[in-house]
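Subject: Structure handover

Hello,

Here is the structure I promised to pass on. Please open it first, then read my notes below.

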Amino acid sequence: MMKITPVLTLILALGLVASCKTSAEGNMVDLVLVNGKVWTGDPGRPWAEAVAVRDGKIVMVGTAAEARRLSPSGTKLVDLGGSLVLPGFIDSHTHFLAGGFSLKSIQLRDAKDRQDFAGRIAAKARELGPGRWILNGEWDHQQLNPVEMPRKDWIDAVTPDNPVCVSRLDGHMVLANSLALRLAGVTKDTPVPPGGEIDRDAATGELTGILKDTAADLVFAGIPEPSFAEKLEAAEASIRHAAENGVTSVDEMADAASFEVFEELARLGRLTTRVHVYIPITEVGALARLKLKSPFGSPYLQIAGLKGFMDGSLGSATAYFFEPYTDDPKTFGLLHGQMFPEGVMERRILEADRAGLQLAIHAIGDRANSMLLDMYEKAVAANGPRDRRWRVEHAQHLRPADIIRFGKLGLVAAVQPYHVIDDGRWAEKKIGPERVKTTYAFESLRRAGAVLAFSSDWTVAPLSPILGIYAAVTRRTLDGKNPGGWVPEEKVPVEEAVRAYTVNGAWVQFAEAAKGSIERGKLADLVVLDRDIFTIPPEEIVRAKVRMTIFDGRIIYGKD
Ligand SMILES: [Zn+2]
């Protein structure tokens with residue numbers, strides 16, 4: 001047994017003083033949350049009552065009595081009154097900087113009909129004044145009554161002096177007005193770029209204003225780049241929005257330019273969302289030459305790896321399938337521009353893998369997914385086994401045999417539950433009853449051994465993990481037509497849905513030692529919800545609210 005000598009007592013006391021001094025307030029802890037229902041994400045100890053935080057880290061997870069012992073007077077003590085505490089949400093696929101711009105742009109997502117759509121654009125043109133571009137919008141033709149594709153003639157008369165290039169919510173098609181097309185030099189004789197489509201009126205052959213995927217780049221090329229100050233402002237809007245939604249980490253599917261914006265905010269100490277940036281796979285050469293192993297950076301901002309595209313989207317009928325679209329038997333969808341020239345995607349995947357870079361590749365149609373799985377398998381065979389944590393973005397429509405391959409390869413299915421309740425309203429019309437059975441097959445993927453990482457794909461869907469969890473657990477479509485769940489076999493248990501927004505998201509970032517669960521030594525990123533989503537009826541999860549968001553041990557949203 002150790003004998004406590006006076007000298008040892010002194011050393012212990014000094015040690016205690018020293019550890020007190022490390023904290024800003026001079027206390028042993030900075031913040032204590034008590035009287036909560038803490039879901040830790042740690043299978044060894046799934047539930048607790050209290051969490052204590054010091055210097056941005058979790059220092060105690062336990063009972064209220066343990067927490068009180070650690071908190072002398074002066075410590076900030078928050079009584080949660082039984083609220084639920086979760087690890088800060090990790091949204092594994094966002095367009096985070098772009099989202100900030102869209103928060104300030106025209107909102108077309110819920111436009112009701114042609115008149116409403118055109119009226120909103122007219123109002124924005126008046127607000128901005130002549131010469132300014134009208135962008136983003138996130139329109140959804142499935143919301144229009146009647147369902148119809150918007151056309152430039154709806155808006156040309158109200159936008160003679162404003163170029164318009166507004167995107168469908170999936171980002172895979174845009175509506176450009178005549179001025180924007182003229183500025184881009186796009187006419188009815190413009191050749192269609194590979195991986196794109198330029199819509200023409202079936203009767204007259206005239207442009208309708210709809211451009212799909214790479215064809216939209218023809219117009220994007222002429223849009224003036226926002227200033228750095230505007231980008232900073234947009235990024236700060238995104239960060240505020242994340243805090244309101246309990247999101248403390250995001251994976252940003254960006255162009256390389258977004259890195260410097262978040263870097264500036266990190267330097268200023270204003271980055272309260274951890275940003276993990278995937279840059280376009282077309283940059284693989286530059287990244288490989290740097291010999292940089294991903295993830296690279298600080299706990300606030302990292303280069304994560306590379307993002308690529310196999311195909312388009314279901315809503316735009318550009319997702320690439322083995323069989324044609326049910327409602328349009330002439331088309332199988334489109335491979336993305338990054339798939340050309342043939343073989344280039346496979347070469348880039350091999351190069352990225354040799355360089356030790358993580359991959360996140362978009363595949364929606366069953367054929368695009370199958371082709372990607374082939375490429376991943378070949379790369380693994382060529383370069384040997386390694387802890388890769390490769391991702392498939394969306395993994396939306398899968399042949400049953402390919403679901404099994406996801407598990408065998410240990411892939412991350414980076415999926416978006418909100419799309420289930422959104423697209424579930426009309427997906428069957430596009431692909432028929434058979435393919436629908438293995439569409440958004442989250443539970444089958446999970447059971448096959450794939451790692452589910454949940455996300456919003458914001459701005460495609462709202463940046464709200466609560467909505468995402470509700471969608472994954474209930475699969476109740478937005479139109480109220482599937483109260484028992486659309487393809488209900490694929491519902492995910494609440495705990496697995498929460499895990500897919502926390503623990504799994506951290507694992508995908510190779511950051512499981514630092515975050516994703518509430519354990520001693522981990523980053524103090526936490527979210528407090530106003531009700532216990534584990535015990536309320538699943539259909540009520542949608543009404544849960546974020547009460548408080550804690551980032552790096554600081555309350556960044558909500559009141560205690
Ligand atoms: Zn995306």
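**Salt bridges**

Aspartate 116 counts as buried, because its relative accessibility is 18% and the cut-off for buried is under 20%. Please keep in mind that this is a predicted model.

The partner of aspartate 116 is lysine 112. The two form a salt bridge, with their closest N and O atoms 3.7 Å apart. Lysine 112 is exposed, at a relative accessible area of 55%.

Side chains of opposite charge can pair when their charged atoms come close. How many salt bridges does the count give? The total comes to 39.

Take lysine 330 and aspartate 328. Their side chains meet in a salt bridge of 3.3 Å, N to O. Lysine 330 is exposed, with a relative accessible area of 74%. Aspartate 328 is partly exposed, with 28%.

Next, look at aspartate 374 and arginine 405. The closest N and O atoms of this salt bridge are 2.5 Å apart. The pair links distant parts of the chain. Aspartate 374 sits in helix H12 (residues 366-383), and arginine 405 sits in helix H13 (residues 400-408). They are 31 residues apart. Is arginine 405 buried or exposed? Arginine 405 counts as buried, at 16% relative accessibility. Aspartate 374 is partly exposed, with a relative accessible area of 36%.

There is also a network. Salt bridges that share partners join Asp140, Arg168, Asp170, Asp422 and Arg425.

**The zinc ion**

Which residues are the protein donors of the zinc ion? They are His93 (NE2), His95 (NE2) and Asp457 (OD). They lie 2.1 to 2.2 Å from the ion. Along the chain, the donors follow the spacing H-x1-H-x361-D.

Histidine 95 and aspartate 457 link distant parts of the chain, 362 residues apart. Histidine 95 is in the loop between strand S8 (89-94) and helix H3 (96-103). Aspartate 457 is in the loop between strand S22 (451-454) and helix H17 (465-474).

Their accessibility can be compared with the cut-offs. Histidine 95 counts as partly exposed, at 22% relative accessibility. Aspartate 457 counts as buried, at 6%.

**Cavities**

Rolling a probe the size of a water molecule over the atoms shows where empty space is left. Here the count comes to two cavities of 30 Å³ or more.

The largest cavity has a volume of about 180 Å³. Its lining has 19 residues. Asp170, Ser313, His419, Asp423 and Val460 lie nearest its centre. Asp170 is also part of the salt-bridge network. Which helix gives the most to this lining? Helix H14 (residues 417-423) does, with four residues. By class, the lining of the largest cavity divides into seven nonpolar, seven polar and five charged residues.

The second largest cavity has a volume of about 50 Å³. Its lining includes Pro87, Gly88, Ile90 and Thr248. Lys515, Gly516, Ser517, Leu523 and Asp525 line it too. By class, this lining has three nonpolar, four polar and two charged residues.

Best wishes

Terms used. Residues are numbered from 1 along each chain as its sequence is written. This is a predicted model: local features need pLDDT of at least 70, side-chain atom pairs count only at pLDDT 80 or more; totals for chains, interfaces and linings use all residues. Side-chain values use heavy atoms; hydrogens and water are left out. On a 1 Å grid over the protein atoms alone, a cavity is a set of points where a 1.4 Å probe fits but cannot get out, and a pocket is an open set with protein on both sides within 12 Å along at least five of seven lines; lining residues have an atom within 4 Å of a point. Grid points are joined across faces, edges and corners, and a volume is the space filled by probe spheres set on the points. Helices (H or I, at least four residues) and strands (E, at least two) are DSSP runs, numbered from the N terminus. Ala, Val, Leu, Ile, Met, Phe, Trp, Tyr, Cys and Pro count as nonpolar, Asp, Glu, Lys and Arg as charged, and the others, Gly among them, as polar. Donors are N, O and S atoms within 2.8 Å of the metal (3.2 Å for Na, K and Ca); water is not among the atoms, so sites may look incomplete. Buried means under 20% relative accessible area, exposed over 50%, partly exposed in between (1.4 Å probe, protein chains only). A salt bridge is a side-chain nitrogen of Lys or Arg within 4 Å of a carboxyl oxygen of Asp or Glu.
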